[in-house]
Amino acid sequence: MGFARTCSVALLGVDGVVVEVQADLEAGVAAFTLVGLPDKSLSESRDRVRAAIVNSGETWPQKKLTVGLSPASVPKGGSGFDLAVACAVLAANDRVDPRDIADLMMIGELGLDGRVRPVRGVLPAVLAAADAGYRHVVVPERTVAEASLVPGVSVLGVRSLRQLIALLNDELAPEEDEEPADGRPDPMLAGLTLPGVGHGTGLADTGTPDLAEVAGQGAARTALEVAAAGGHHIYLKGPPGAGKTMLAERLPGLLPPLTRQEAVEVTAVHSVAGILPPGRHMVEQPPYCAPHHSATMQSLVGGGNAMPRPGAVSLSHKGVLFLDEAPEFSGQALDALRQPLESGHVVIARAAGVVRLPARFLLVLAANPCPCGRYGSPGGMCDCTPSMIRRYQGRLSGPLLDRVDLRVDVEAVSRSELIGGVGSAETTAVVASRVREARERAAARYTDTPWRLNSQVPGHELRTRWAVAPGALRSAERDMERGLLTARGLDRVLRVAWTVADLAGRDRPAGVDMERALELRTGVRRGMAVATGDQR
């Protein structure tokens, strides 16, 4: 009788659970039993592992073989357990020393020829291994760079099962074929990336567009700067062709690069989702996700038949989620955004388990004023009836819009702005520098607190710990008494006012900052903000 064990990782969303892979050989009729709540793809590993071992020149044990995945109550799926199962079987058959693999963490899929193929989710799997105290990890060679992002872990990359067996037995490792040199796609990378990688799915494959390319739109550009500086959600409403999409696409360029911790969080989500391009092992810039308005609720917040997969809100974590033609999205999908907007994460419950996915994103909504898009335009050519306009605008629910700090009317660009203003607008680099300074000022203020952006600070804390200038709240209090502001709305106006003050270099919001914040919140121009809003 032979027994051996090693370890692998089961992913539940972007969180990993260490799984002990045990192999037991007993006398009896030759059979291969896999237990421990495996899914379909994991159950098929029995055939992959058997073929990989035989084609690697090893002997398959002609005994009763039982492979257990512990803890048995945790759902397990995917082909990333293949390498651990194969090594446990070989160790139980005395081909390798069981002591050499007992403390190894193994992640990788096996081809029928014994090659080790890369899998998605290597980074969160190695993070889970490190948290559990494992310091030695074996991964496919193509994912070594991704696994090496975790500090304190020794990563061994292998190309084939034959190579790993030789290394474990201190033998000369055999030479393996290199990647194709004739320009053909490498089939070994097929499992790393899902179709649809590119602009709008979380990672942009084009250069960052410049804000200077946007003609006119002074109010919208100001709102965009405030949104980037304080992490405030924004709603852009205007006729087709006014520049709403152009503004949204330039918002990620105003955000500062991700910190090391943020980059690891974002990369982990993208690795699990399969949108991390080969050769790009870390996401260092804020992601941009722009799903089509036909997207379902599951594709926005995450979901799936078995264990939930990350949705658009998680793919845009620490970046921008842009919903163009927002009223065309289903009401169920839009209202599902309310919880992640408040908490910064989304919790999805399924029969197979509960998954918590990160979702700290900056939301940009864009909409036309009516179904035809010409309501309120100077030409007055709108054919929509008042009831059609009300129904169209009512598709964005009040509770959702109450969570959006900035609301801006994007008017059509005039001929003089389009032609005469060429080269006069500020570039992304100039605005981004002001955003960075404002964020640094806010971070210094919130030292020794769990917050770094004004949009993250609870309203109670702003009202009690960081007071505004005397009399600055007068207009906001008056709007609240009239029913123009809710309690949540007042808190959000306070947050925006702090961001406006940070951009202006003031220590605390003055009356002019509150007026500008109210203007950005309600869309109603205020006399004080118009007269003195540009003074810094």
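Helices (H or I, at least four residues) and strands (E, at least two) are DSSP runs here, numbered from the N terminus. By that count, the protein has 23 helices and 17 strands. This is a predicted model, so to speak: local features need pLDDT of at least 70, side-chain atom pairs count only at pLDDT 80 or more, and totals for chains, interfaces and linings use all residues. Residues are numbered from 1 along each chain as its sequence is written, and side-chain values use heavy atoms, with hydrogens and water left out.

**Overall picture**

- Of the 536 residues, 50% count as buried, where buried means under 20% relative accessible area, exposed over 50%, and partly exposed in between (1.4 Å probe, protein chains only).
- Take the contacts (heavy atoms within 4.5 Å) between residues at least 6 apart in sequence: 71% of them join residues at least 24 apart.

**Helix 18 and its cover**

- Helix 18 covers residues 428-445, and its 18 residues should span 26 Å at 1.5 Å a residue, which agrees with the 26 Å between its end C-alpha atoms; the expected span is 1.5 Å times one less than the number of residues.
- Its buried residues are seen, down the axis of helix 18, within an arc of 160 degrees, so they line one face of the helix; the arc is that of the directions from the helix axis to the C-beta atoms.
- The buried set in helix 18 includes Thr428, Val431, Ala432, Arg434 and Val435, along with Ala438, Arg439, Ala442 and Arg445.
- On the other side of helix 18, you'll find Ala429, Glu440 and Ala444 exposed.
- Helix 8 (218-230), helix 9 (244-254) and helix 21 (487-504) are among the elements covering the buried residues of helix 18.

**Helix 8 against helix 18**

- The axes of helix 8 and helix 18 come within 8 Å and cross at roughly 40 degrees; axes are lines fitted to C-alpha atoms, for helices over the stretch in contact, and angles run from 0 to 180 degrees between N-to-C directions.
- Helix 8 and helix 18 are therefore oblique to each other, given that angles under 35 degrees count as roughly parallel, over 145 as roughly antiparallel, 65 to 115 as roughly perpendicular and the rest as oblique.
- On the helix 8 side, Glu225, Ala228 and Ala229 meet Val431, Arg434, Val435, Ala438 and Arg439 of helix 18.

**Leucine 453**

- Leucine 453 sits in the loop between helix 18 and helix 19 (459-464), and at 14% relative accessibility it counts as buried.
- Leucine 453 and glycine 231 are 222 residues apart in sequence, yet 6.4 Å apart in space, C-alpha to C-alpha.
- Leaving out residues up to four places away in sequence, leucine 453 touches Ala229, Gly230, Gly231, Arg439 and Tyr446.

**Helices 21 and 22**

- Helix 21 and helix 22 (residues 511-522) have axes that come within 8 Å and cross at roughly 125 degrees, which makes the two helices oblique.
- The contact involves residues of helix 21 including Gly489, Arg492 and Val493, and residues of helix 22 including Asp513, Met514 and Arg516.
- Helix 22 is mostly covered, with 10 of its 12 residues buried.

- Most residues other than glycine have a negative phi, and most peptide bonds are trans.
- The peptide bond from serine 70 to proline 71 is cis, with omega near 5 degrees, and proline 71 lies in the loop between strand 4 (64-70) and helix 3 (82-92).
- Aspartate 94 has a positive phi near 65 degrees without being a glycine; aspartate 94 is exposed, at a relative accessible area of 66%.
- Lysine 318 also isn't a glycine, and its phi is positive at about 65 degrees.
- Lysine 318 lies in the loop between helix 12 (312-315) and strand 13 (320-323) and is partly exposed, at a relative accessible area of 24%.
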